[in-house]
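Notebook open, viewer loaded. I'm jotting down what I look up as I go.

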Amino acid sequence: MESVPVRCPACGRDHTYSPPVYPCPCGAPTTPPVLRGAPVAPITHRTWNDDWVAARCPACGRLDQWPQPELCCPCGTVLRVPVRPVAPPDGDPASEDGPRPTGPSHIPLPRTAPAPRPVFRAAAIRGADDALETAARYLSWLGYRDVVRPSGPSSARIDLRAAGLVVQVDTVTRPTTLRDVECLWLHALSASAISVFFSLPGYAPDAAARADGLGMPLFVLDRAGTPRPVNSPADELLSTGA
């Protein structure tokens, strides 16, 4: 399922949303059919029916209930992403007028949307130390615990660490390069960790394309101190948290 554009009605921020993929009991991946172009709605209260949507497995045709797609905007608003209704195929014993499943027939996976977070408090970035501090606070805001700066010299340039996470924060004047992205990814691979990149000047086109292929979240830091996701892995990290 390709990503779809989503705009938060509360703050006007634009997102690129990739719907979650769930495992059908037959083993095939199943994705709720997100309705492209439909307006999203803030979630102010929850009900059982609203928290589940029907999705049909493309491999075996099984109709199951899965968590309603949601996205958590940095402004703190949790958005319900509309899903296209799934009609039963010809010959399906469950007709449009017949009973519909009221809950999942499987053991549901944990919800991908976290509880609403408070608004991230930005602080002006005036130098490299401010950039590191902003990235560390942002990762903590996303849910990572014990974000620290590594002590002592390292063969790889790792600016921040947390459990299962390595981070580089680029504050040079040129756009972050392909080599920078690949070096961080290789270091994370050897450490069995996730890699995340923050950059003040942005990313070279080949670096951004490579990060997309590797699934590495990329964030740009502005001088006002607000990290901004610039690829789908970063949007996913922002919506789900750590």
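This is a predicted model: local features need pLDDT of at least 70, side-chain atom pairs count only at pLDDT 80 or more; totals for chains, interfaces and linings use all residues.

Started at the hairpin: strand 13 and strand 14 make one, with five residues between them. In its turn I found Gly-225 at a positive phi of about 95°. Helices (H or I, at least four residues) and strands (E, at least two) are DSSP runs here, numbered from the N terminus.

Residues are numbered from 1 along each chain as its sequence is written, and side-chain values use heavy atoms, with hydrogens and water left out.

Next, the pairing around strand 13. I count two strands as paired if DSSP finds at least two bridges between them. Strand 14 (residues 227-229) runs antiparallel to strand 13, joined by three bridges, and Phe-219 has Pro-229 as its bridge partner there. Strand 12 also pairs with strand 13 over three bridges, but in the parallel sense. In that pairing I see Ser-199 opposite Val-220. To get from strand 12 to strand 13, the chain goes through helix 3 (residues 205-214), a right-handed β-α-β crossover (with the strands pointing away from the viewer, the path from the first strand over the helix to the second runs clockwise).

Which residues of strand 13 are buried on each side? I get Leu-218 and Val-220 on one face, Phe-219 and Leu-221 on the other. Buried is under 20% relative accessible area, exposed over 50%, partly exposed in between (1.4 Å probe, protein chains only).

Then the cores. A nonpolar core is a set of buried Ala, Val, Leu, Ile, Met, Phe, Trp, Tyr and Cys residues joined through side-chain atoms within 4.5 Å. The largest has 25 residues, and Leu-139, Leu-160, Val-169 and Phe-198 touch the most other members. Elements giving it two or more residues include strand 13 (218-221), strand 12 (194-199) and helix 4 (232-240). Helix 1 supplies the largest share, eight residues. Another core, of 14 residues, lies apart from it, with Tyr-203 and Ala-211 among its members.

I also listed contacts (heavy atoms within 4.5 Å) for Leu-160: beyond four places in sequence, they include Leu-132, Leu-139, Arg-149, Pro-150 and Val-169.

Last stop, an open three-strand sheet, order 5-9-8, antiparallel. Strand 5 (41-42) and strand 8 (70-72) are its edges, each pairing on one side only. Strand 8 meets strand 9 (residues 78-80) over three bridges, and Leu-71 partners Leu-79.
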